[in-house]
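Please keep the sequence and the structure in view while reading.

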Amino acid sequence: MHYVNVENLTKSFVEKPLFTNITFNIEQGDKIALVAKNGAGKTTLLRILAGKDTADSGKIWINKDVSVSFLDQNPTFEEDKNVLENILSYDHPVINTVREYELAMEHHDDDRLTELMGKMDELNAWTFESTVKEILSSLNITDLDQLAGSMSGGQRKRLSLAKVLIDISFGDRNSFLILDEPTNHLDFQMIEWLAEFLSDNKTTLLLVTHDRFFLDLVCNEIIEIDNQQLYIHRGDFTNYLTRKIEREESDAASVDKAKNLYRKELAWMRKQPKARTTKSKSRQDAFYDVEEKANSGRNEDKLQLQVKMTRIGGKILELKKVHKSFGEKKILKGFDYTFKHRERIGVIGKNGVGKSTFLNIIMGLEKADSGKINTGETVVYGYFHQQGLQVKDDKRVIEFVKDIAENFPLADGTKVSAGKFLELFQFTPEQQFTYISKLSGGEKKRLQLLSILFGNPNFLILDEPTNDLDLVTLTVLEDFLEQYQGCVIIVSHDRYFMDKLVDHLFVFEGDGVVNDFPGNYTEWRIDEVRKKKATQGGGSKQQESKGTVLTAIPTTVNIPQVTEKKNTLEKKKLTFKEKFEFEALQKEVPALEQEKADLNEKLLAGNAPYEELNKMIERIGTVTKELEEKEMRWLELSERVD
């Protein structure tokens with residue numbers, strides 16, 4: 001089925017052309033990643049396709065039978081309504097039907113209930129509660145009473161993502177999903193769950209992402225905007241890079257050939273003025289075509305990261321018995337570590353376990369409850385934090401940099417002006433006089449990185465540095481960090497980025513526990529799957545492939561009951577909540593039985609320490625009680641299952 005047709009689309013921002021006469025098609029089942037440098041118009045193109053912006057010229061056709069769902073970088077909500085009200089407030093056939101069904105139940109309107117049951121069957125709406133619960137739980141949205149106006153940026157992005165995923169999960173509608181940086185503010189488990197969801201889902205997809213691991217898992221096609229033109233690449237990210245290099249080499253060869261011809265034709269054009277009247281008109285026209293081709297070569301001033309790193313001494317950073325809590329929530333519990341030269345440490349853990357707090361404690365922006373933090377006298381921190389640029393008043397880019405310093409010392413001993421340094425970061429002389437508020441999200445991130453390197457740090461602390469950066473900048477940043485002689489701490493949910501750079505991990509397990517794992521993220525992930533497999537006695541092939549993504553849906557997510565009253569209204573059937581409970585019990589009872597068997601086996605072995613034996617005996621009592629309760633509840637519900 002033909003979904004979308006884009007023909008000769010052109011868009012400029014102020015006087016800056018973003019893309020010119022681009023043409024492409026999207027077919028049913030396509031999963032496409034849109035790739036371009038920051039400021040090249042990725043978000044603008046997505047917004048045009050979603051109907052949130054308009055092009056200067058060109059045509060867009062979207063099949064009338066296709067429903068478009070859009071994840072914006074800056075989602076909007078009804079601020080005075082809570083999470084659940086925002087989820088259920090928009091126009092959707094399943095949500096509307098469920099809402100009507102609940103209303104009919106409240107008013108005991110049996111005639112209306114009978115009518116709505118057929119509609120619920122038609123829309124497959126009976127699975128609404130369990131599906132919504134799975135999506136919200138997987139995205140760690142648990143407080144459904146929280147007002148949208150009090151949510152953080154990350155919470156808002158996850159809620160917006162949940163809404164579009166719920167939107168495409170019901171009915172037989174042909175859905176076209178447009179996602180702008182969907183992995184921002186997601187932890188590793190959420191990213192893996194989302195990749196699995198989108199890979200299994202039949203939704204047609206167009207997305208912008210900086211996460212190459214996610215891109216490879218989900219997408220089968222890459223569309224690139226480069227130098228205002230559009231290029232289509234089938235396959236994964238590696239294939240895209242290969243084809244891009246081949247194209248650039250071919251373009252370079254064509255430009256060199258045109259330059260040689262241009263020099264010859266220029267000499268011919270410069271012959272005596274009198275002779276011009278007799279020249280071939282077609283040759284003159286051809287000359288201007290050659291001139292344009294010869295001058296179309298790429299700007300060879302690539303993004304460069306060079307710093308004259310401040311010398312670092314023998315003592316770098318020591319943390320001794322550091323404790324930190326917020327009320328009952330423990331962040332650090334007796335954390336000890338002494339940093340060494342050229343440390344490259346990744347920090348991972350679920351959202352909310354205290355990763356950013358840990359970085360703030362190191363920087364002295366947050367006080368520890370107890371313990372010692374000793375920083376070497378020669379240490380110069382460079383802190384790339386999630387809050388972005390700290391600018392009190394809107395300034396032009398060049399003014400912002402000159403406020404830091406007029407000149408910048410490079411690694412080779414030379415100095416460059418603020419303007420030239422900006423050029424090394426791909427800010428053209430025209431862009432340098434642009435107000436910061438007019439920059440794209442990625443351009444602001446690039447400017448933030450520039451401002452940090454201006455201080456010649458020897459200890460870099462990077463909190464989610466990859467969010468909003470284009471893939472070109474990411475590659476350069478990775479190359480720079482690989483050669484960097486100072487210490488680096490990285491908090492990132494970009495698996496590719498972490499794997500390439502870190503030597504070991506601080507794994508925040510929660511409740512103040514931080515484990516030091518000797519390897520990168522993929523090695524840790526493999527180890528976690530291995531341990532889980534051993535704990536579960538092998539598990540199924542499906543469980544092994546999903547790893548830690550397979551988690552029970554927390555009971556803290558509480559969707560309002562939608563009670564089923566079908567066929568015979570007088571006969572009490574399972575409510576939606578009870579159906580979900582019954583399905584959960586079918587998993588929980590075998591798990592408790594297995595745990596009880598494992599505990600008994602360990603007790604019979606008799607080789608555990610006395611304290612551990614006592615804990616096992618207590619746990620067996622608890623498990624036995626839970627098992628009895630759940631078995632009785634399962635029997636009760638099973639008698640009412642159709």
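An open sheet is formed by six strands, in the order E5-E6-E7-E3-E8-E9, with mixed pairing. The model is a predicted one. The points below treat the sheet and then some of the helices.

**The sheet**

- Strand E5 (66-71) and strand E9 (229-234) lie at the edges and have a single partner strand each, so one side of each has no neighbour in the sheet.
- On average, neighbouring strands of this sheet are turned by 20° against each other, direction ignored.
- In general, the strands of a sheet pair through backbone hydrogen bonds, either parallel or antiparallel.
- Strand E6 (residues 174-180) and strand E7 (residues 204-208) run parallel and are joined by five bridges.
- Leucine 179 is placed opposite leucine 207 of E7.

**Helix H3**

- Helix H3 (residues 93-106) contains 14 residues, and its first and last C-alpha are 20 Å apart, close to the 20 Å expected at 1.5 Å a residue.
- Its buried residues are Val94, Ile95, Thr97, Val98, Tyr101, Glu102, Ala104 and Met105.
- Helix H2 (83-88), helix H4 (110-122) and H5 are among the elements covering the buried residues of H3.
- Histidine 108 follows H3 and has a positive phi, near 55°.

**Helices H5 and H7**

- Helix H5 (residues 128-138) packs with helix H7 (residues 188-200) at an angle of about 140°, and their axes are 10 Å apart.
- H5 and H7 are therefore oblique to each other.
- H5 contributes Glu134, Ile135 and Ser138 to the contact, while H7 contributes Met190, Trp193 and Phe197.
- By class, this contact of H5 with H7 comprises four nonpolar residues, one polar and one charged.

Note on methods: Residues numbered from 1 in each chain as written. Predicted model: local features only at pLDDT ≥ 70, side-chain atom pairs only at ≥ 80, totals over all residues. Heavy atoms only, no water. Axes fitted to C-alpha atoms, helices over the stretch in contact; angles between N-to-C directions. Helix = DSSP H or I, 4+ residues; strand = E, 2+ residues; numbered from the N terminus. Parallel < 35°, antiparallel > 145°, perpendicular 65-115°, else oblique. Contact = heavy atoms within 4.5 Å. Nonpolar A, V, L, I, M, F, W, Y, C, P; charged D, E, K, R; others polar. Pairing = 2+ DSSP bridges. Expected span 1.5 Å × (residues − 1). Buried < 20%, exposed > 50% of the residue type's maximum accessible area, 1.4 Å probe, protein only.
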